[in-house]
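Good morning, everyone. Please take a look at the model on the screen, and then I will walk you through it.

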Amino acid sequence: MSAGPLRVALLGLSSSGYQSLALGYLRASAEADSRLAGRVGFQTLDLTVDLDPWWVAFRVVDMRPDVLGISVTCWNARKVYELCDIVRGAMPEITIVLGGPEVGPIAERVLELNPAVDIIVRGEGEETFSDLLDTLSRGGKPWRVEGVTARREGSISSAPDRSIIGTLDAIASPYLSGVCQPLEGSAYIETYRGCPHKCGYCFEGKGYGRVRCFSDERVEAEVAAIVASGVRTFSFIDPVFNLTRERLGWLAGLMEPYAREGVRLHTIEVDIERIGAEEAALLKMAGVMSVETGPQTVGSAALAICRRSFDRDRFAAGVGALRAEGISVECDFIVGLPGDTLQDFLDGLRFALTLDPGKIQISTLHVLPGTDLWERADEFGLVFREEPPHEVVCTAQMSFTDLRRAEVLGSSVVAQYSARTGPPVAGAVAS
């Protein structure tokens with residue numbers, strides 16, 4: 001470690017035009033921790049995942065950090081691991097810390113396979129990362145920090161899990177602290193953590209256990225800060241925007257004054273089977289331009305395995321209610337869910353096309369660490385690549401060839417539908 005304050009570099013590798021909200025939370029929380037004042041200094045580097053890892057390493061090494069922290073998802077993991085190898089070669093004494101949904105659930109395995117990485121932060125990172133930095137700045141033992149997995153004298157050691165953060169407002173805001181500057185079209189607000197659903201292919205609900213909300217005052221302040229920055233279009237990253245009817249009404253009331261001034265929300269996720277005419281009107285009042293929803297599949301076997309409900313009539317009614325308000329609906333499908341056949345996939349496409357939602361999105365299953373499908377892959381007959389992003393190779397119901405045919409056919413249908421519908425047009429906000 002260098003003399004003086006611990007130099008910490010936080011690196012995000014995101015899609016073009018985006019910044020890492022996770023790193024914003026980590027830095028804002030650490031800078032607000034009185035234990036670290038004057039002892040730890042921060043720099044944040046938000047780059048894009050398409051960059052050459054050697055160029056990213058050049059940027060990192062030029063910052064000369066003592067500690068490098070990186071948020072890892074299945075989409076950037078390969079680049080991150082290559083980058084860590086390069087940085088380790090150039091800076092043998094650096095401490096490399098990873099966190100995020102790709103590495104937390106399989107922390108020991110990640111360290112075993114990636115000798116350049118020193119430490120994994122598991123679960124919610126804000127409190128754990130601050131404690132870790134306090135420990136490192138004092139020359140302490142990182143493997144003793146709750147929620148940390150670290151190398152320990154030639155072995156790998158995991159401290160006990162850390163309890164989830166009880167009061168979310170205790171987490172410093174990336175926007176209100178000034179750590180994150182809102183970007184037009186790619187600023188996001190999180191109003192709660194957790195998910196009411198427990199879908200077998202998703203880590204969101206399992207990772208947090210129960211739903212916990214930021215206070216109304218915190219959300220109101222963050223919305224005001226984003227709009228005051230000049231941003232006219234942003235979004236919410238909540239797994240379900242219409243978590244309850246009451247919360248939807250509150251959010252619509254919060255956003256209505258801004259919507260009247262031209263502020264818009266894009267691509268929020270909704271439980272569409274709980275949307276009728278009144279809920280659609282509230283979304284329009286909030287300035288919502290588009291929503292994203294399932295059904296992911298219409299196959300009864302896959303729905304049962306993945307613990308998803310699907311009511312064909314209520315789903316169709318929700319799409320109709322939103323389209324009547326001029327709100328585009330993105331219907332999502334996943335190719336390769338266990339239990340699904342090629343016919344199930346085709347039935348889902350036909351169903352979506354009859355609804356004319358505005359947009360159809362098809363993706364191939366990624367078997368994510370920590371999910372039920374990851375842990376029960378053999379039971380469900382799932383064969384997938386263990387390297388990220390963990391694409392499914394074949395299932396008990398669909399061969400490798402069937403999956404590739406579904407992908408090609410689905411892409412063709414989506415392209416033709418998109419060409420016919422053109423870009424989605426949002427309806428005017430009520431005045």
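Where is the place of D169? D169 sits in the loop between β7 (155-158) and β8 (188-189). Helices (H or I, at least four residues) and strands (E, at least two) are DSSP runs, numbered from the N terminus.

Some ground rules. This is a predicted model, where local features need pLDDT of at least 70 and side-chain atom pairs count only at pLDDT 80 or more, while totals for chains, interfaces and linings use all residues. Residues are numbered from 1 along each chain as its sequence is written, and side-chain values use heavy atoms, with hydrogens and water left out.

Back to D169. D169 is partly exposed, at a relative accessible area of 34%. Here buried means under 20% relative accessible area, exposed means over 50%, and partly exposed is in between (1.4 Å probe, protein chains only). D169 gathers with D216, E217 and E220 in a surface patch of negative charge. A patch like this joins like charges within 9 Å, using residues with over 30% relative accessible area and no salt bridge.

Next, strand β7. I156 is found there. I156 is partly exposed, with a relative accessible area of 26%. Which residues does I156 touch, not counting those up to four places away in sequence? They are E108, L111, E112, T149, A150 and R151. Contact means heavy atoms within 4.5 Å. Take E108: 48 residues separate E108 and I156 along the chain, and their C-alpha atoms are 6.7 Å apart.

Now, salt bridges. How many does a search of the whole structure find? The search finds 27 salt bridges. Each one is a side-chain nitrogen of Lys or Arg within 4 Å of a carboxyl oxygen of Asp or Glu.

Start with D134 and R35. They form a salt bridge, and the closest N and O atoms are 3.6 Å apart. D134 lies in helix α5 (residues 126-137) and R35 in the loop between α1 (21-31) and β2 (40-48), so the pair ties together parts that are 99 residues apart in sequence. D134 is buried, with a relative accessible area of 8%. R35 is partly exposed, at 33% relative accessibility. Both belong to a network of salt bridges that links D33, R35, R39, D131, D134, R138 and R162.

The second pair is R260 and E256. Their closest N and O atoms are 2.7 Å apart, in a salt bridge. Both lie in helix α8 (residues 245-260), four residues apart, about one turn of the helix. R260 is partly exposed, at 46% relative accessibility.

Buried or exposed? E330 counts as buried, at 10% relative accessibility. K359 counts as partly exposed, at 36%.

On to two loops. E190 lies in the loop between β8 and β9 (192-193). E190 is buried, with a relative accessible area of 10%. Leaving aside neighbours within four places in sequence, E190 is in contact with Y25, F214, E222, I237 and D238. D402 is elsewhere: E190 and D402 are 38 Å apart, C-alpha to C-alpha, and 212 residues apart in sequence.

H266 lies in the loop between β12 (264-265) and β13 (268-269). H266 is buried, at 12% relative accessibility. Its contacts, again leaving aside neighbours within four places in sequence, include Y188, F234 and M289.

Last topic: the backbone. The peptide bond from G294 to P295 is cis, with omega near 15°. P295 is found in strand β14 (residues 290-296). The peptide bond from P388 to P389 is also cis, with omega near 10°. P389 sits in the loop between β17 (383-384) and β18 (392-394).

What about phi? E153 is a residue other than glycine with a positive phi, near 50°. E153 is in the loop between β6 (148-152) and β7, and is exposed, with a relative accessible area of 73%. Q296, also other than glycine, has a positive phi near 70°. Q296 lies in strand β14 and is buried, with a relative accessible area of 13%.

Technical notes. Patches are made of residues with over 30% relative accessible area and no salt bridge: like charges are joined within 9 Å, nonpolar side chains (Val, Leu, Ile, Met, Phe, Trp, Tyr) within 5 Å. Accessible areas come from the Shrake-Rupley method with a 1.4 Å probe; for residues, only the protein chains shown count as cover. Lys and Arg count as positive and Asp and Glu as negative; His and the chain ends are not counted. The place of a charge is taken as NZ of Lys, CZ of Arg, CG of Asp or CD of Glu.
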